[in-house]
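Visitor: I'd like to go through this one chain by chain. Can we start with how interface size gets counted?

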Amino acid sequence: MSTLKLDLENYKELMQQYIETQDEQALYQAEQFSKHSMQQNISPEEIINVHVQSLQHLYPDMPEHIRSSLDFLLETMISYGLAYQEYQSLRERQLELKSEISVAANMQKTLLATEKPEIEGLDVGAISIPAKQMNGDYYHFVKDDSGALGVAIADVVGKGVPAALCMSMIKYSMDSFPENRMDPGVILGSLNRVVERNVDSSMFITMFYGLYNINNHTFRFSSAGHEPGYYYDSKQDYFEEIDASGLVLGVSPEATYEQCTKEVHVGDMIIMLTDGVTECRQGDRFIEEDEVLEIIKQYAHLPAQETVEHVYKHFERLQDFQLRDDFTLIILKRKV
Amino acid sequence: MSTLKLDLENYKELMQQYIETQDEQALYQAEQFSKHSMQQNISPEEIINVHVQSLQHLYPDMPEHIRSSLDFLLETMISYGLAYQEYQSLRERQLELKSEISVAANMQKTLLATEKPEIEGLDVGAISIPAKQMNGDYYHFVKDDSGALGVAIADVVGKGVPAALCMSMIKYSMDSFPENRMDPGVILGSLNRVVERNVDSSMFITMFYGLYNINNHTFRFSSAGHEPGYYYDSKQDYFEEIDASGLVLGVSPEATYEQCTKEVHVGDMIIMLTDGVTECRQGDRFIEEDEVLEIIKQYAHLPAQETVEHVYKHFERLQDFQLRDDFTLIILKRKV
Amino acid sequence: MDFQSCVNIKKEWDIVGARQLGRDIARKIGFGTVDQARIATAISELARNIYLYAGTGKICFEAIEDMNHKGLRIVAMDDGPGIKELSQVMEDGFSTSGGLGAGLPGVKRLMDDFDIQSEDGKGTEIKAVKWLR
Amino acid sequence: MDFQSCVNIKKEWDIVGARQLGRDIARKIGFGTVDQARIATAISELARNIYLYAGTGKICFEAIEDMNHKGLRIVAMDDGPGIKELSQVMEDGFSTSGGLGAGLPGVKRLMDDFDIQSEDGKGTEIKAVKWLR
Ligand SMILES: [Mn+2]
Ligand SMILES: [Mn+2]
Ligand SMILES: [Mn+2]
Ligand SMILES: [Mn+2]
């Protein structure tokens, strides 16, 4: 109450100064005054009221119709005042939610963490960056009993919290698979049943699963409707799409997954990615597939981890530092 | 532009009406006018502007100082106008988040769903209601090979999205336990290691795990720092606390869990709950433990499922239909 | 409650009548311009809710006094269908959707105390108090 | 750009000078009272940012014209530390925290076009345009 009275004095003086001199300084201070008032949660109708009172002090002979008109104006401001108060409480709630989701995002990071494997003769690079706080992409490495390397890369249709919940399900399902049965087609088949049973039918997951056999350097893979990967033939300097037929996870319990095999030669690369990489946009323009491969090639001479990081930075800048979709890129390069 | 002009006419007429008659109807219409303006995203400073223009039309001889004062007033409204626009965009974002979380909450329901077991001679009731959209409480039933019934009840410290993520982890871990090894102490021990490994150290889970042996009617249980349960002796009309010592999950990897056993007689009940039941609040007053037990007894003659539902409704009303914490209550009643 | 301090709400025009009576009483109690306008807006919301959702009902006003200060109590009653999802209706941030109505959270904000009782099929009673400061 | 249409920002007082010059040019271009006030508020924000975070810099004004309409371009330049987290600074809802500053999202709202370039350690340049409607 006393602060408001103080402010009334203040307002009256500033207004008087402006009326007398019409100078910009008074207007600048008017701006400061209103910001200060907002900090104290003063509603716009109270500003009108202070205005009326200031006018009455300064001009006791103010015409009655002016006074009435200002009462009328005040009445129109009540609804704006309500919106203003709702704004304050919305902002608080929003901050709460924001911090809640940031806690969840950190948990998700811990939960989904996978260790990049150290494997003799194979250079591995992997990066996964969420567009918002929570990641709807997922990748996972696992070595099986025979020393083969299993690589999963997945994308939930949808972003944010629901996608994150869905991904943690995938992660736990995969963790519970026995470590000796790692055929890509079989793994996708089991995951498909888990997703079909547990998740609302409106939610889909695409996944590419590959198994790199370190002994004979073959790459066996299956895909559940996922973005195709690429094989880079370094001798011919040529990219070849690698894909296998299979339904996205969670659509039909009977889905089966084709399994394909690719021989990998020294110096060649296997590239796995999500559509957040291939569907980068620059303004309204979608990036062409060729452009993505061009950029990968540009950094291909570097260690695989540096390659994926440079490619990410390239497309991050291209998109004004605001990803439209989660971005995940994995590269396996045969060294010897 | 044209709508705004139209509104200017409208405002002028209403204002004139009010100045001439001072009647309430004009003020009511002023309110309608401002709501209509808000619908069209018109900022408060524009209302001031319309006011000034209306005054000038009606009173071309308006004193210069009044005109100046209104320019000054307009200046103070610019910041409020900005807040108003931010309010609009915040509200949109909030609606988005709300629907995102409601999708996630539905997923969680599907994911955490557990079937209430039908067991000869045992009457089972269970209810779990989240305080906000997502549930940080969890319960789970499982029958083991010997026909014994395993019951888990858990509470994450924390609510909302992070708690939900945490709970889905618990659920997947429990699903991956072999179905023949169901000693309460062992189960809590394994879960403790999972939580300790996977979850940020700031997040705790309390859990009570019980195993009801249908052959000899004994109840074996362990607790990870969870709210104690109760045994209701129907002959003596007496509630006895049942508790076992053990650390909350996720604090120390070496925690061990005491196992206790309780014989269950015909007509008696085992009550498991979370602190959302025992820490109900009415206004500023916490409910006493006795009150909770009193209410349970009041409905104990009903089938177990009806009992838990009536108890929930009682405390929901007591708390003005706004739960402060997730509410979970399970009752096992030996029938024969 | 005194008969004369109630207004029956049957048609839109009655909203204005309720505002008028409420504002007069508020002025007599000693409320200033801003509070008068806030009280009138709260009355609008309550009366419009009756008019739109219950069809008919009434709004009563009472000058009250506790140890420390004077105040105005507004009671809105109807025998309409009642409000099923109270917690949803009282939720913030969406009441002024599109700006057409401040809704009940708005009334709660405009006044100092707010209490609502509603039973499915048996109507709604809302009590709101504004204290003179 | 014409020398006379720039104001150097070194002390708080210069904010008022920038507002004054900007408002004069806006008035000459033909902007009405509301837009003049919005432009002045945008100038305040830009100038205060320079004063608070860069120490010194300048704000320039230019009357512009495309095929359809006239407008005012404001350019705020400094050699300060630059803005590291652009996406965070431009995020909505938290800029007016506590109500002390409308921040850059506020400037974006007050004007029609908005463009920002900032390099870590090399300063910031903000261009904002308001079109006459
Ligand atoms: Mn996705
Ligand atoms: Mn994607
Ligand atoms: Mn909890
Ligand atoms: Mn709890």
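Guide: Buried area is the accessible area, taken with a 1.4 Å probe, that two parts lose on being put together, summed over both. One thing before using it: this is a predicted model.

Visitor: Fine. How much do chain B and chain D bury between them?

Guide: About 1,300 Å², and 56% of that is on carbon and sulfur atoms. On the chain B side, Glu75(B), Leu82(B) and Glu86(B) lose the most area to chain D, together 45% of what that side buries.

Visitor: How many residues of each are in contact?

Guide: 14 from chain B and 17 from chain D.

Visitor: And how many salt bridges are there between chain B and chain D?

Guide: Five. One of the salt bridges joins the side chains of Arg38(D) and Glu46(B), at 3.4 Å from N to O. The count of residue pairs in polar contact between chain B and chain D, with both residues at pLDDT 80 or more, is five.

Visitor: Which elements of chain B give two or more residues to that side?

Guide: Helices α3 (44-58) and α4 (64-112) of chain B. The largest share comes from α4(B), with ten residues. By class, the chain B side has four nonpolar, four polar and six charged residues.

Visitor: Zooming out, which pair of chains has the most contacts?

Guide: Chains A and B, among five pairs that touch. Chain C and chain D have no contact; their closest C-alpha atoms lie 14 Å apart.

Visitor: Switching to the metals. What coordinates the manganese ion listed as ligand 1?

Guide: Asp155(A) through OD and Val156(A) through its O, at 2.1 to 2.3 Å. Asp155(A) also coordinates the manganese ion that is ligand 2, and the two ions are 3.5 Å apart.

Visitor: Last topic, helix α4 of chain D. How many of its residues are buried?

Guide: Six of the eight in residues 103-110, so by the under 20% cut-off the helix is mostly covered.

Visitor: Which ones are buried in α4(D)?

Guide: Gly103(D), Leu104(D), Pro105(D), Gly106(D), Val107(D) and Leu110(D).

Terms used: Residues are numbered from 1 along each chain as its sequence is written. Chains are lettered from A and ligands numbered from 1 in the order in which they are written. This is a predicted model: local features need pLDDT of at least 70, side-chain atom pairs count only at pLDDT 80 or more; totals for chains, interfaces and linings use all residues. Side-chain values use heavy atoms; hydrogens and water are left out. Contact means heavy atoms within 4.5 Å. A salt bridge is a side-chain nitrogen of Lys or Arg within 4 Å of a carboxyl oxygen of Asp or Glu. A polar contact is a pair of N or O atoms within 3.5 Å; within protein, one must be able to donate a hydrogen and the other to accept it, and residues adjacent in sequence count only if both atoms are side-chain atoms. Helices (H or I, at least four residues) and strands (E, at least two) are DSSP runs, numbered from the N terminus. Ala, Val, Leu, Ile, Met, Phe, Trp, Tyr, Cys and Pro count as nonpolar, Asp, Glu, Lys and Arg as charged, and the others, Gly among them, as polar. Donors are N, O and S atoms within 2.8 Å of the metal (3.2 Å for Na, K and Ca); water is not among the atoms, so sites may look incomplete. Buried means under 20% relative accessible area, exposed over 50%, partly exposed in between (1.4 Å probe, protein chains only).
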